[in-house]
Amino acid sequence: MKISITHRLFLAILMAAGLAVICLVMIMQWNLNRGFLNFIRETEASVSARLADTLEVYYKGHGSWEALQKNPDAWRDLIMSSLSSRDVRPPNFGPPPKPDAHDHPPAPASPPPFILHYDERFLLFDAARVLLIGVPGDTAEINRTPLKSNGKVVGFLGHRPLQKLTDNRHLTFLHEQKSTFILVALIIVLLSAGLSLLLARRLVRPLGHMAAATHRLSSGDFSTRVTVNSSDELGRLAEDFNLLALTLEKNETARQQWIADISHELRTPIGILRGETEALIDGIRKPDAAALNSLHAEILRLGRLVSDLYQLSMSDLGALTYRKSRVDIIALLNDVIDSYHAEIEKHRLRFFGITPRSRPIHVFADPERLRQLFSNLLDNSLKYTEPGGYLKIIINKGADQLDINVQDSAPAVPEDNLDRLFDRLYREETSRNRATGGAGLGLAICRNIVEAHQGSITALPSPLGGLWIKISLPLHGARNAQ
């Protein structure tokens with residue numbers, strides 16, 4: 001049989017509370033036995049001190065112990081007077097005083113109920129430690145108090161301390177106290193059981209809600225959320241669950257959008273190829289050079305799209321290989337710019353930036369991936385910058401970081417959409433359309449390449465009126481590669 005978390009937590013709390021109560025009761029019982037015995041011993045020690053004072057007064061009046069030794073009743077009276085709960089006064093060993101008509105007869109002195117067998121445990125010895133009065137026994141356990149008269153020891157009062165509780169009244173008193181402790185302990189355990197059950201249910205209830213929410217989430221309901229009612233570990237767990245659900249919901253939305261966008265992007269060139277092919281088959285269009293060039297252009301566009309999708313998928317899987325080495329980024333940038341010189345002139349763009357005479361700057365990177373990065377950025381500027389505009393590349397070198405800034409002129413991208421430019425298949429309607437732009441994968445590939453080099457890439461409004469792409473690459477790898 002499986003035990004639920006609620007019952008496990010309940011049993012754990014109850015066992016802890018029960019163990020604590022049992023230990024407390026045992027300690028209290030042990031302390032009661034020990035304390036009660038010590039209390040009786042301390043009381044008897046006080047009685048012994050008062051009896052010693054009484055005996056010294058007796059000896060001063062009689063000069064010896066002979067009369068007391070012959071009169072057992074007088075010995076018991078002395079002990080009883082010392083055991084009395086009233087203030088002890090030295091007994092009058094002379095003739096008794098005349099009673100007054102208004103005086104009430106004194107109540108007989110009675111020993112406290114916890115002082116038992118006093119006649120067996122109080123003894124009288126002479127100055128030579130010879131037993132005069134008392135029950136003989138083991139003298140090693142006897143406490144002797146010297147009795148003095150005129151500064152001279154005239155005898156010893158012996159007191160045999162109580163070693164254990166054997167009297168029924170003592171045992172009954174302790175039994176009643178222990179029964180009370182056990183009853184209180186049972187009440188505490190019952191209360192702890194009730195509180196433990198309530199606490200266990202309260203603690204486990206959020207876990208039950210979260211388990212149900214997890215089941216719904218695993219079934220595909222990514223809109224599932226749990227209520228955060230506290231700021232403790234359970235509250236933080238609920239917050240993390242909500243964040244996980246939100247992330248899964250966004251990923252599912254992105255996946256659906258990704259599939260829809262890919263289908264749309266693939267459908268367009270395939271539709272064009274199908275239409276033109278059918279036109280050739282039906283004889284509507286002649287298979288001349290223009291028709292073949294149109295088919296070739298669509299095939300190239302389809303090939304670029306598939307190639308970009310493949311690179312993105314390989315990047316997500318971590319399967320893209322990077323062969324990094326110490327690279328002069330100035331020379332590499334100049335090579336890429338030289339390959340685009342004809343396109344820049346064709347679009348009538350005025351270019352400002354680095355020159356071959358610029359001082360070399362080395363980074364630790366994959367030169368082919370950097371070439372692909374810069375080619376994508378230049379393609380992006382050439383496609384979306386209006387003819388007669390500006391293109392500018394600025395490089396800033398810091399202590400540990402290299403910043404590469406690619407700026408172009410109008411048209412601009414609204415600031416609210418700048419962060420989305422690196423999303424896959426995203427195109428800004430005002431500047432990125434099918435007539436002038438591609439599938440919206442170039443900047444997404446750029447971001448993957450930069451992040452693979454432990455760098456960052458951001459989109460900002462350009463001072464020239466268009467788009468500003470800022471790339472930051474670390475320089476520490478280049479120094480380590482030297």
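User: Is Phe352 buried, partly exposed or exposed?
Analyst: Bearing in mind that this is a predicted model, Phe352 has a relative accessible area of 42% and therefore counts as partly exposed, since that class lies between the 20% limit for buried and the 50% limit for exposed.

User: And how many aromatic pairs are there?
Analyst: The count comes to three aromatic pairs. In one of them, the ring centres of Phe352 and Tyr390 are 6.2 Å apart with the planes at 25 degrees, so this pair is stacked.

User: Where in the chain do those two sit?
Analyst: Phe352 belongs to strand β6 (residues 350–352) and Tyr390 to strand β8 (residues 390–397), so that the pair links distant parts of the chain, 38 residues apart. Tyr390 is partly exposed, at a relative accessible area of 30%.

User: What about Tyr59 and Trp65, stacked or tilted?
Analyst: Tyr59 and Trp65 are tilted, with 4.8 Å from centre to centre and 45 degrees between the planes, and both residues are buried. Together with Tyr58, Tyr59 and Trp65 are linked by ring pairs into a cluster.

User: Which charged residues sit over the rings of Phe156 and Phe125?
Analyst: Arg129 has its charged end over the ring of Phe156, 4.4 Å from the centre, while Arg144 lies over the face of Phe125, at 4.9 Å from the ring centre.

User: Switching to cysteines, how many disulfides?
Analyst: The structure holds zero disulfides. As for individual cysteines, Cys23 is partly exposed with a relative accessible area of 37%, whereas Cys446, at 0% relative accessibility, counts as buried.

Methods. Residues are numbered from 1 along each chain as its sequence is written. This is a predicted model: local features need pLDDT of at least 70, side-chain atom pairs count only at pLDDT 80 or more; totals for chains, interfaces and linings use all residues. Side-chain values use heavy atoms; hydrogens and water are left out. A disulfide is a pair of cysteine sulfur atoms within 2.5 Å. Buried means under 20% relative accessible area, exposed over 50%, partly exposed in between (1.4 Å probe, protein chains only). Rings of Phe, Tyr and Trp (its six-membered ring) pair if their centres lie within 6.5 Å; planes under 30 degrees apart count as stacked, over 60 as edge-to-face and the rest as tilted. Helices (H or I, at least four residues) and strands (E, at least two) are DSSP runs, numbered from the N terminus. A charge sits over a ring if NZ of Lys or CZ of Arg is within 6 Å of the ring centre and within 35 degrees of the ring normal.
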